[in-house]
Structures are given as C-alpha cells and as structure tokens.
Amino acid sequence: MTDTAILATGSWRELASPKTLGACTVLAGGVALYATNEFLTISLMPSAVGDIGGQRFYAWVTTVYLVGSVMAATTVHSVLMRLGPRWAYLSALSVFGLGSLGCAAAPNMEMLLVGRTVQGAAGGLLAGLGYAVINTALPNSLWTKASALVSAMWGVGTLLGPAAGGLFAQYSSWRWAFGALVVMTATMSLLVPLALPGRRDTTVSMAEGRVRIPVWSLLLLGGAALLVSVAGIPRHAWATAVLVAAGFALVAVFLVVDRRLSASVLPPSAFGKGPLKWIYLTLGALMAATMVDMYVPMFGQRLAHLSPVVAGFLSAGLAIGWTVGEISSASLTRHHVIVRTVAVAPLVMATGLTIAALTQHEDASPAFVALWAVGLVISGAGIGVAWPHLSAWAMSKVDDPAEGPAAAAAINTVQVISAAFGAALAGVVVNLTDVGDATAARWLFVSFAVLAALAAVASTRSGRPAVRTVG
C-alpha cells in the first residue's frame with residue numbers, strides 16, 4: 001500500500017441502511033449504557049452518600065465497577081463464541097438491568113456496592129461485545145465507521161453521565177438515575193432479537209464454539225485492577241506506591257501467562273513483530289488519559305464555584321471533542337493521512353490537557369472556565385481522531401486473519417484495564433497533592449498531559465503493516 005492509496009470504506013449511509021441499522025443501534029447502545037453508568041456516579045455520589053451514608057466506601061463505588069468490568073471483559077470472546085451475538089447481548093443486558101435495579105433500591109452503601117459490582121460485570125461484557133460483534137456481523141469495509149460509532153458512545157457517556165448525575169443530584173433524586181438505566185436496558189433488550197442473529201455464521205468451526213474462558217488471565221487482570229483502584233485510598237505515599245507497583249507487576253505476569261495459555265485474552269499477534277501491540281498500547285494510553293475527566297466536576301465546583309449541573313456539563317467538553325473528532329476522522333480515506341493523523345493524535349491530546357492545566361485557578365473567572373472547556377475539547381479531539389482507525393487496525397492487522405474476532409474482543413479488555421489504571425492514577429495524584437487549592441488540579445492535568453504525550457511513541461508505530469503468516 002502506497003502513501004497515495006485510497007482505502008475502500010463504506011459510507012455512513014451504508015452503515016445506517018436497514019440491513020445494519022438495528023445491529024449498530026444495539027452495539028452502540030450497549031457501550032453507551034456502560035460508559036454513561038461509569039461516569040454517572042461522579043456527580044451523583046455526594047447525594048447518595050448524604051442519603052444512605054457510607055462515606056468511607058466512596059472510592060469503592062468506582063473501584064468495584066471497574067474491577068467487575070475488567071474481569072468480564074476477558075470473557076467476551078468465549079461468551080460470544082458459546083452463545084452467539086443475540087443471547088450474549090440478552091444475557092448481559094438482563095444482568096445489567098438487575099444490577100441497576102439493585103442500585104436504585106439499595107438501602108445502604110454495602111448493597112449499592114453489590115449492585116455496582118453486578119453492573120460492572122455486565123457492562124464490561126456489553127462494552128466488549130460492541131467491538132467483537134463488529135468483526136463478526138459487519139463487512140470489513142464498515143469496520144472503521146462502525147468503530148467510530150461505537151467508541152463515540154464513550155464520548156456520549158462522558159457527556160450524559162456527569163450531566164445526568166448532576167441533574168438528578170440537583171433535585172435529590174439519585175435513585176431515579178439508576179431507575180432510568182433499568183428502563184433503557186429493558187428497551188434495548190426488545191430490539192436485540194430483531195437486530196442480531198442467534199448464532200454465528202455456520203461456517204464457524206466447532207472448535208471456535210468451544211473457546212474456553214481464560215480464568216487465569218481473568219484473575220490476574222481483576223487483581224491488578226483492584227490493586228490500582230484502591231491505590232489512591234491510603235494517605236501514605238509509600239502505601240500508594242506499593243499498591244501501584246503491585247498492580248503493574250500483576251499486569252506483567254498476565255502478559256507472560258496469557259502468551260502461554262491456549263485460552264488467552266490477547267491474540268498471538270499481540271506478542272509478535274507486527275503493529276498490534278503498539279495499537280493496543282496507544283489505545284490504552286489514550287483511554288487512561290481520558291480518566292482525568294473524573295475530577296472535572298469536583299474541581300469545577302471547588303475552583304469556579306459552578307453548580308453540580310454546570311460542572312457536569314463542563315466535563316462534557318472532552319466528550320464533545322471525542323465525538324466530533326471521531327465522526328470527522330472516520331471519513332478519511334487516504335492511507336498516509338490516516339497514519340499521520342493517528343501518529344500525532346496523542347500530542348493533540350497532550351496539548352489540550354496542558355491548556356487545561358494552565359487554566360486551573362482559585363475563584364476562576366468565566367474566561368478561565370471557557371479556556372478550560374476549550375482545552376477539554378481539544379483533549380477529546382486528540383483521542384477521537386485516532387480511535388476509529390486504531391480499533392479497525394486492531395481487527396485487521398493480525399498475523400492470521402482467524403485472530404480477528406479475538407483481536408476485536410481484546411480492544412475492550414485493553415480499554416477497561418487502562419481506564420482502571422487511569423482512574424487510579426488520577427486518584428493517586430489528587431490525594432497526594434490536594435491541599436485545598438488549585439494545586440491538585442494543576443498536577444492532575446500536567447501528569448495526564450505527560451501520559452498522553454508518551455503515547456506518541458506507540459502511535460507512530462501503529463500504522464505499520466501486519467506480518468501475515470504463510471501456511
């Protein structure tokens with residue numbers, strides 16, 4: 001493929017055709033449910049804690065959700081092969097609805113944590129199926145645009161989650177936020193039988209249908225997510241450092257173990273000479289950097305004295321940039337333009353986060369808040385312009401085309417474990433630097449700007465061609 005090559009990609013109209021519209025709605029809707037629910041509690045929890053207590057478990061509301069998501073994400077490929085798209089989705093939606101109902105009815109924080117764990121497990125499966133079913137249910141000419149649509153739902157989630165949580169919190173109706181998720185889940189369940197096939201194509205071999213659940217990988221990644229998620233809780237720097245180091249050590253062990261297992265999470269190509277490992281690294285670093293958005297509502301209220309609703313909408317800046325960046329970038333067709341866009345995307349994100357860092361001031365004026373919002377939009381655009389191409393590359397740049405479904409399913413595993421590490425890093429930075437003024441906010445955005453910039457090392461290598469096996 002030369003630099004002047006034009007890629008054969010389907011149009012947005014083709015993606016929205018009657019043949020694929022139902023499937024795309026379900027795929028995107030599942031990710032939207034997961035992402036919205038992840039960010040919902042950012043602005044909702046102060047009201048919930050005031051109602052049912054449990055201040056000491058505040059951080060665990062996000063922790064158990066992310067840990068459940070990480071563990072479930074490792075099972076996506078095997079669940080899809082065993083149940084097929086329709087029943088995989090119906091099972092995940094049913095469990096997600098039950099978890100949401102449990103959260104809405106929780107009489108105390110302990111029961112709320114149980115509901116959040118169930119939500120996280122089902123949500124991790126839903127988010128992973130969004131990418132995995134693209135690979136199996138849509139032609140490869142639509143992969144880039146379908147990936148843009150599905151991953152844009154993360155932008156929608158970062159918009160709707162904090163904003164909706166702030167709105168429900170404003171009117172002291174936090175339980176209804178989870179009740180709304182129950183209604184949305186039930187509505188989507190009605191569409192699944194009409195939009196998705198009951199089983200994969202009959203040409204799929206029986207061996208593929210007996211794919212086993214990667215138990216060891218599941219336990220290792222779940223343990224890593226748990227360690228890094230609670231790393232921000234201790235007040236002593238040494239305890240935090242030990243927990244973070246232990247989390248990274250478990251990830252390293254996971255990579256060694258997963259490479260040797262027949263039932264693995266990552267496809268073999270991720271450990272080869274091709275670009276897949278760089279694609280996953282870029283996806284992971286960019287996703288981790290978005291978790292800076294967790295603290296935007298809090299700092300918006302503290303530094304700029306914004307109301308919960310307005311602070312929630314401030315965090316939507318990243319979502320807006322993400323969504324606009326994805327939709328525009330997914331229409332690119334020239335290969336050299338796509339490769340260069342992906343290569344510079346982390347630097348664009350780092351620029352936006354740097355602007356946000358420079359605008360953190362106590363009693364911030366409307367002008368500084370506006371610049372902060374611009375920085376968040378630029379940050380979102382950085383990840384948005386790269387994500388659809390990285391997702392499509394992950395499905396296609398494998399050494400063996402048969403690895404495509406596993407490579408697609410692994411996108412979400414990388415995404416949720418990176419989100420867990422990003423959330424942990426954000427908590428660590430804020431807890432270690434927070435003295436009640438703008439210091440913690442500045443350190444937070446600077447740290448994540450550095451993280452995004454470092455991703456450029458991987459993004460420049462992601463556009464390389466795959467090394468195909470000959471056999």
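The model is predicted, so local features require pLDDT of at least 70 and side-chain atom pairs pLDDT 80 or more, while totals for chains, interfaces and linings use all residues. Residues are numbered from 1 along each chain as its sequence is written, and side-chain values use heavy atoms, without hydrogens and water.

Along the principal axes, the C-alpha atoms fill a box of roughly 65 × 45 × 45 Å. Colouring by burial comes next: 57% of the 471 residues count as buried (under 20% relative accessible area, with exposed over 50% and partly exposed in between; 1.4 Å probe, protein chains only).

Now display the two salt bridges (a side-chain nitrogen of Lys or Arg within 4 Å of a carboxyl oxygen of Asp or Glu).

Arg175 belongs to helix H7 (residues 174–195) and Asp51 to helix H2 (residues 18–52), so the pair ties together parts 124 residues apart in sequence. Arg175 is partly exposed at 27% relative accessible area, and Asp51 is likewise partly exposed, at 46%.

Then select Arg302 and Asp434, whose closest N and O atoms are 2.9 Å apart. Arg302 sits in helix H12 (residues 296–304), whereas Asp434 lies in the loop between helix H17 (404–433) and helix H18 (439–454), 132 residues apart. Arg302 is partly exposed at 28%, as is Asp434 at 30%.

How values were computed. Helix = DSSP H or I, 4+ residues; strand = E, 2+ residues; numbered from the N terminus.
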